[in-house]
Each structure stands twice: as structure tokens, then as C-alpha cells.
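Welcome, and please load the model in your viewer. We will begin with the whole chain and then zoom in step by step.

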Amino acid sequence: MSETVKATGARQSDLGLSRAEIDLLSSQVTSLVNEYFAAVSDLPVFPQTFGGPTIAHLESRLPVAGEPLEKLLTDCREIIKGIRHNGHPRQFGYVASPATPPGAFADLIASALNVNVTAWRSAPAATEIERTVVRWLGSMIGYSEKAHGLLTSGGSMANLIAMHIAHRAKTKDDISRQGLWNCGPPMTIYASDQVHMSIQKAADILGIGRNRVRTIESDARFQLNVRALREQVQEDLRIGLKPFCVVASAGTVNTGALDPLNEISDLAAEFDLWFHIDGAYGAPAALDERKRSLFAGLNRADSVSLDAHKWLYVPIDAGCLLFRDQAAARQAFASEEADYIKVLEQPDTDEAFAFWDYGIELSRRFRALKIWLTFRYYGLTRIAAAISEDNSLAAYLGQCVEEADDFELLAPVELSICCFRYLPKGSKTKLSSASAGERAGIDEELDALNTRLMLAVQRGGQAYLSNATLRGRFALRACITNFRTTAADIDKTLEIIREAARQAKG
Ligand SMILES: Cc1ncc(COP(=O)(O)O)c(C=O)c1O
């Protein structure tokens, strides 16, 4: 193209499409999406593929010229064949839920608007929707109707932001300017040994150090042992460390256990610790009336993480950090250094509000729209019913496992996670009469067998389980956060495991 631009009013390089082209594109793309929603229950949960060949047949050269839409959609269908389907009713691995159609289409709207939710001045309505959604989430889980906070990429990011706010709130040193190495005694975080790895990662990133996360051995129900917590805090004070934060889990990633929130809150108050609750997976279960009492004390936290993309069935990415003290969060993140972010509105007005003062990201997607639309489309009652049914299905799985001769439950089912293992014929009797030494040998064999079974089930494509290590033992782990799962899927999954065991034996 010539260097000189002629004042013709027309561009030579317009990437815009005509209305007819947009109509064609959108109708074909939505029919692909609709087809997917209709078919997801019948697809293999995991593809019959290995690293490399998964997309080897797709074009991998950098495309210089544009290609026909038809070809691109054919390739998108190939990609669909190469993924694990989190929406499949027998996908029980990790914490992965299906996206609701309203949430998925909301993401399309958000991308089309391409609004950058940095601050009110860049995105007035989107900023206000996000602040509204944050309040909804806070009141929905019984935290606070006046909660402040922000949406994040996920629970790990929410936990990182929380640890940063806590760290800065609990020191008088100017770490922000002086750097950590010029300030006071080493600061310590406390959590149970079941805490999600994102807390250690946050401690690492923030320069606190992974070893400064004191993991307290959990009790028989995988809950934080408050007596042991107290002893560790006292010991650390005695040797000159500075305890500053305790993290409780409201739904651990391994078993779904909830720590005793009220007791931990009392201890946090006594030792002036920031009280953070990681509810990335479990917090939405507060919507299930039958589980509400487990969340007693949640309203006393300084901050709470939760993921709408886990158990509120909203498409990834939809994490959230809630906090009570907006000034503490602002103090941790606000920067005076860049002129281009100076807000020239009256301070403390809604117009002056900027998310960059409360978190890490500057450019931010309009994440709130998919939560807002999902909630408004279904209403909370319907979403709560889906969560409650997930809990009932996990309890049903736990009951089936307990009643069977060839399975053993390895952890209490608190919410929607069930951890168990397969036992070959005769193992139950052998285990019950074995000495400690014999038991260790049997356990090792069972670990190896159950590892093989999990891989066989995953590769078989009919169901997908992940694993947890509980008291050193390998557990098959099923997490049910899926509005498509039924009791028949639970029955079938147990049969799939039994069949894998027969194959392993044969
Ligand atoms: C309890 C808990 N915390 C934090 C996380 C991290 O969340 P994300 O994957 O959204 O970063 C998870 C993920 O499973 C989790 O279960």
C-alpha cells in the first residue's frame, strides 16, 4: 500500500464485515454452539488421542491468506473432538462444570462490545454491573450485602490478591516502596494441609515464601485442627516470626471439607490475623439450605474467594474476591505513579471508581455480564436447586460406595465431592484383619491398582475421575458440579470402574 493516504473516506484494509457476512457468520457459529450443547452428553468425555496427534491434521502454518468460513467451522468441529468435555454428565474430574447457554452467549456479547472494565470512566455500565454482581455474590453466600470486591480470572488470582491485601494490611512497614527485604520479621500464613496450592503459590509470588505458609495437619474429617493452629501461631511468635493471616477452606479441593469458620475467626481476632476464606469451589453450596450451617462464621471473614465458573455454572473465567474493608484493598494496590490512570473526577464518587486500585489487572474483560445474565435468566432459586442436587448426587455416590463390597469410602462426603477406592474381591476382609505392616502392603497394591483404574477410565472416554492423595492413600475422586448429571450416571460410573478392574485383571 502507498505511504500516502488519499482523502477518499474509504479504507483499503477494512476488517469490518457487511451485515450479510455477519449474519452468515453468526448463524453458522451459533448453530455450531447449539449443536454442541445438544450433543455434549453423547460425546466421549475424553478424546481417544495422545499429545501431538490431537491437532496434527489441522493447518498449523501461519495463515497468510484468509480461508473460507466453512473450512474454519469444520476445523472447529475437529477441535471439539479433541477436548475433554466438562459439560458431559460423567465428567467428575477436578472442579469443572458445564457452561450454561445464557452464560456462553453473554460472553459473545461481552466480546462483541469489547469493553475494557478498568474503571467507571472507561466502562460506566459494565463497571456498575460488576459492582452489582459482586454485591449479589456477597449476599448470596451470606457474607455481606455490602461486600466490595472484583471479578478475577479465577480462584488462584482471587487468593493471590487476597494474600497481597492481607500482607499489606497487617504491616506498618512501607513494603510497597522499600521492598520486603528491608522490612520487619518474616511474616507467616496459616492453613490446613488440605489448602489449595494457590495459597503457597501466592506466598511465593509475593516474596513471603512457600515455607512461611504453615500447614496445620487436618483432623479425621480433613478440617483444620484449631488447637494445632493455636500452638503453631504461639510457637512462631515465640521464635520471632510475625503471623499475619489464616486461610480457612470452605470446601477443600480434595474432599470438599469445610474448616470450622467461627472458631478460626475467634483465633484470628485474638492474634490480629487477617481471616481469608477460600470458597473458590465450595462457597456457592451455602445456597443449599441443608448445608448452610456448615458455613456459619463465613460472614466474619476479612475476605472470601469464590469461583462462579466452578459451581455457578458460568463459563470460565469468572473468579471473584470479596472483601469487607475497601480502604485496605485500595491501600494495597493504588498507585500514584502513572499520570495516564489519574482519575480527574471527585474522589470517592462512583465516577472515580477504578478496578485497578483493587487488583492486579489493568485491562479486564466484561466478566460480570455472564454472571449477571445467568442469574437473571434462571433466578437464584433454580441455580440453588441445581447445586443442591449435585450435593445429593455426591451423597448418593457415597452411599453406593459404602454399601458395596468392592468399594471403600476414603473421606466423608461434605458437599459434592466423593473420594473412594476400588477393592478387589476379598480385600475388605483382608484389610479388616491385617496387622499395620500387612495393611501398608495391601494399601500400596491398592494405590497402584486404583491409579491404573483411574487412567483406564479416563482413557476409556465414558467417564472421567481425577485423584486425591488422602493420608498417603490414592483415592478416586468424583466432583459433581454438573446440572446434567443424574443418579443413572453415578451407577454407570461405578460399573465402568468395575469393568476397568475386570479388564485389568484379565
Ligand atoms: C478450593 C480451591 N481454591 C482455589 C482454586 C483455584 O481456582 P482457579 O482454578 O479458578 O484458579 C481451586 C480450584 O479447583 C479450588 O478448588
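Start with everything selected: for 506 residues, a compact globule would have a radius of gyration near 23 Å, and the protein's 25 Å agrees with that. Here the radius is taken over C-alpha atoms, and the globule rule is 2.2 Å times the number of residues to the power 0.38. Residues are numbered from 1 along each chain as its sequence is written. This is a predicted model, in which local features need pLDDT of at least 70 and side-chain atom pairs count only at pLDDT 80 or more, while totals for chains, interfaces and linings use all residues.

Switch to cartoon view to find 16 helices and 11 strands; these are DSSP runs numbered from the N terminus (helices H or I, at least four residues; strands E, at least two).

Next, colour domain 1 (116-378) and domain 2 (382-505) separately; the bounds come from an automatic or database domain assignment. Their C-alpha centres lie 32 Å apart. The contact between them takes 20 residues from domain 1 and 18 residues from domain 2, where contact means C-beta atoms, placed from the backbone, within 7 Å.

Now select helix H5 (residues 155-169) and helix H7 (residues 197-205): their axes come within 9 Å and cross at roughly 50°. Axes are lines fitted to C-alpha atoms, for helices over the stretch in contact, with angles running from 0 to 180 degrees between N-to-C directions. To finish, show side chains: Gly155, Ser156, Asn159, Leu160 and Met163 in H5 meet residues of H7 including Ser198, Ile199 and Lys201.

Key. Contact = placed C-beta atoms within 7 Å.
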